[in-house]
Amino acid sequence: MAESKRIFTFLLRFIAFCTTLSAAIIMASSREKTTVLALSVEAKYSDTPAFKYFVIVNAIVSIYGFLILFLPSKSQLWRLVVALDAVFTMLLTSSISAALAIAYVGKEGNPNAGWLPICDQVRKYCNQVKGALIVGFISVILYILLFLYSVHKALNPLLLEKS
């Protein structure tokens, strides 16, 4: 039973590592050049601070996730992992929220501010951003599950098992 829990946790953490790394790579590689009204325009993730934040947070969480994969199951550092899981879950949530807000403006525009939608001109770029955000959202869900599992494992709220 304990071995199956370790395998499940390892697989969940490995999938979370893969999704955060994928989200960072997909967003960081999003770029498209187009011509609009005889003007050459290039859309890239680094033009938007929210997208940069998204890439940086996902890269940091990927490194953390990779390092945690090699942490021995009997280590005392697992209590620290509970706090770090909470911090990184909040960081992922804030980065996906910021990126989603900018992506929405890029897709729909904002007529009150005079901002036009750009996704009609740079479809490939918008599709890559959309893909990165979908994978990022999956990462958030996985880290929420990992955080809840870490809290349950570290604190044992119902005291069902003897330590």
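Predicted model: local features only at pLDDT ≥ 70, side-chain atom pairs only at ≥ 80, totals over all residues.
Which cysteines does the disulfide join? It links cysteine 119 to cysteine 126, with an S to S distance of 2.1 Å. As a reminder, a disulfide is a covalent bond between the sulfur atoms of two cysteines. Now the handedness. The torsion about the S-S bond of cysteine 119 and cysteine 126 comes out at about -90°, so this disulfide is left-handed. Are the two partners buried or exposed? Cysteine 119 and cysteine 126 are both buried. Cysteine 18 is another case. Its relative accessible area is 28%, so it counts as partly exposed. The cut-off for buried is under 20%.

Next, valine 122. Where does it sit? Valine 122 lies in the loop between α3 and α4, and α4 covers residues 123–155. Its relative accessibility is 3%, so valine 122 is buried. One distance for your notes. Valine 122 and serine 29 are 93 residues apart in sequence. In space, C-alpha to C-alpha, valine 122 and serine 29 are 14 Å apart.

On to the overall layout. How many helices and strands are there? The protein has four helices and two strands. Along the sequence, the order reads α-β-β-α-α-α. What about overall spread? The radius of gyration is 19 Å. For 163 residues the globule rule gives 15 Å, and the value here is well over that, so the protein is more spread out than a compact globule. Along the principal axes, the trace spans about 70 × 30 × 20 Å. And burial across the chain: of the 163 residues, 37% are buried.

Last topic, the helix pair. Take helix α2, residues 49–69, and helix α3, residues 78–108. The axes of α2 and α3 come within 9 Å. They cross at roughly 155°. Angles over 145 degrees count as roughly antiparallel, and α2 and α3 are therefore roughly antiparallel to each other. The crossing of α2 past α3 is left-handed. Which residue types make up the contact of α2 with α3? There are 20 nonpolar residues, three polar and one charged.

To recap. Helices α2 and α3 make a left-handed crossing. That's it from me.

Terms used
Residues numbered from 1 in each chain as written. Heavy atoms only, no water. Disulfide = S-S within 2.5 Å. Buried < 20%, exposed > 50% of the residue type's maximum accessible area, 1.4 Å probe, protein only. Axes fitted to C-alpha atoms, helices over the stretch in contact; angles between N-to-C directions. Parallel < 35°, antiparallel > 145°, perpendicular 65-115°, else oblique. Left-handed = near helix turned anticlockwise from the far one by under 90°. Nonpolar A, V, L, I, M, F, W, Y, C, P; charged D, E, K, R; others polar. Rg over C-alpha atoms; globule rule 2.2 N^0.38 Å.
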